Amino acid sequence: MTMGSTIDHDQNVDVTGKVNQIADLTRTPLKELADEGLLTADQLQQAIESGDLFQEVVKPLLLDAVTRVYSAGKMIDSALLEGVKMIPLVPIADFDPAKKFVKGTQDGVKIGWVGDNLKGILKRHKKISVSKANLRCHKLKEPSVDGPIVKALGGRELISTNFAHMWEMMKKQGNGEEGDLLVNGYANIFYIPDPEDEAVIWAVRCSWNAVLGGWYVVAFSITSPYGWFADYRVFSR
């Protein structure tokens, strides 16, 4: 992505909001450096006085944060991701994931399997209400673990979605019909925060399983060393 020197005012950019997002994204790694003892108080003071802190630490973090903020919400075309489409979704009130994502048929959605990780997440989940949203659908061009995917899409703080909108999409293809979700056995991946700690993000997979006669739904940590194959689809804000 090329960063220009001017802002396109027709895009109605929320400058204050963007600055706050960038500041939050930059603050965390700086704190981690201090916590790990990689920046002592004396080193920090010397770096500030000499300008080295900005050049060696802050500038790379800031550039990375800017890239992530301005990537969020936009379709990506890179060596890793190919944009498929933007999907508008309606507001949903009082959605209870624990009552929907269970084996059997709910709202016309056939579920053939729910993984143990996901069952644990759902037990901790309360009812949620969500606003309308536009979800981005991307196709993986090559195999990858979650880290590079999340970073390319804008970072875990900016891209995560929710079970309500995931379910709304599954309702449109409850019996494995063709649609925005793949139904050929390949994975459809949604990044969803843990209900008790939003800093923890889960990669929630749903895939149509002809043998089970329904949707196969499981969750993995985004730090898992196991990756995803090319041509899988990723859904994010």
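Asp231 is partly exposed, with a relative accessible area of 37% (buried denotes under 20% relative accessible area, exposed over 50%, and partly exposed the range in between, with a 1.4 Å probe and protein chains only). Asp231 is found in the loop between strand 9 and strand 10 (233-236) (helices, H or I of at least four residues, and strands, E of at least two, are DSSP runs numbered from the N terminus). Phi of Asp231 is near 80 degrees, a positive value in a residue other than glycine. Asp107, in the loop between strand 3 and strand 4, also is not a glycine and has a positive phi of about 55 degrees. Asp107 is partly exposed, its relative accessible area being 42%.

The model is predicted, with pLDDT of at least 70 needed for local features and 80 or more for side-chain atom pairs, whereas totals for chains, interfaces and linings use all residues. Residues are numbered from 1 along each chain as its sequence is written, and side-chain values use heavy atoms, with hydrogens and water left out.

Eight strands form an open sheet of mixed pairing, in the order 1-6-10-7-8-9-4-3 (two strands pair if DSSP finds at least two bridges between them). Strand 1 (81-89) and strand 3 (104-106) stand at the edges with a single partner strand each, so one side of each is left without a neighbour in the sheet. From one strand to the next the twist averages 35 degrees (axes are lines fitted to C-alpha atoms, for helices over the stretch in contact, and angles between N-to-C directions run from 0 to 180 degrees).

Strand 7 (residues 188-194) pairs with strand 8 in the antiparallel sense over seven bridges, and Ile189 has Arg205 of strand 8 as its bridge partner. Strand 8 (residues 197-209) is also antiparallel to strand 9, over eight bridges; here Ala203 is bridged to Phe220 in strand 9. The hairpin of strand 8 and strand 9 has four residues between the strands, and Gly213 in this hairpin takes a positive phi near 70 degrees. Strand 9 (residues 214-221) pairs in the parallel sense with strand 4 (residues 109-114) over three bridges, with Val114 opposite Val217 in strand 9.

Helix 5 packs on the sheet, touching strand 4, strand 8 and strand 9, and its direction makes about 80 degrees with that of strand 9 (contact means heavy atoms within 4.5 Å). In helix 5 (residues 116-123), Leu118, Ile121 and Leu122 are buried. They lie on the same side of helix 5 because they cover an arc of only 95 degrees around the axis, the arc being that of the directions from the helix axis to the C-beta atoms. The cover of the buried residues includes helix 4 (97-100) and helix 8 (163-171), together with strand 4, strand 8 and strand 9. Asp116 and Lys123 are exposed on the face of helix 5 turned away from its buried side.

The largest pocket has a volume of about 530 Å³. A pocket is an open set of points on a 1 Å grid over the protein atoms alone, with protein on both sides within 12 Å along at least five of seven lines, and lining residues have an atom within 4 Å of a point. Grid points are joined across faces, edges and corners, and the volume is the space filled by probe spheres set on the points. Of the 23 lining residues, Ser160, Thr161, Pro193, Asp194 and Glu198 are the closest to the centre of the largest pocket. At least two lining residues each come from strand 5 (128-130), strand 6 (133-140), helix 7 (156-159), helix 8, strand 7 and strand 8.

Technical notes
1 Å grid on protein atoms, 1.4 Å probe; cavity = no way out; pocket = protein on both sides within 12 Å on 5 of 7 lines; lining within 4 Å.
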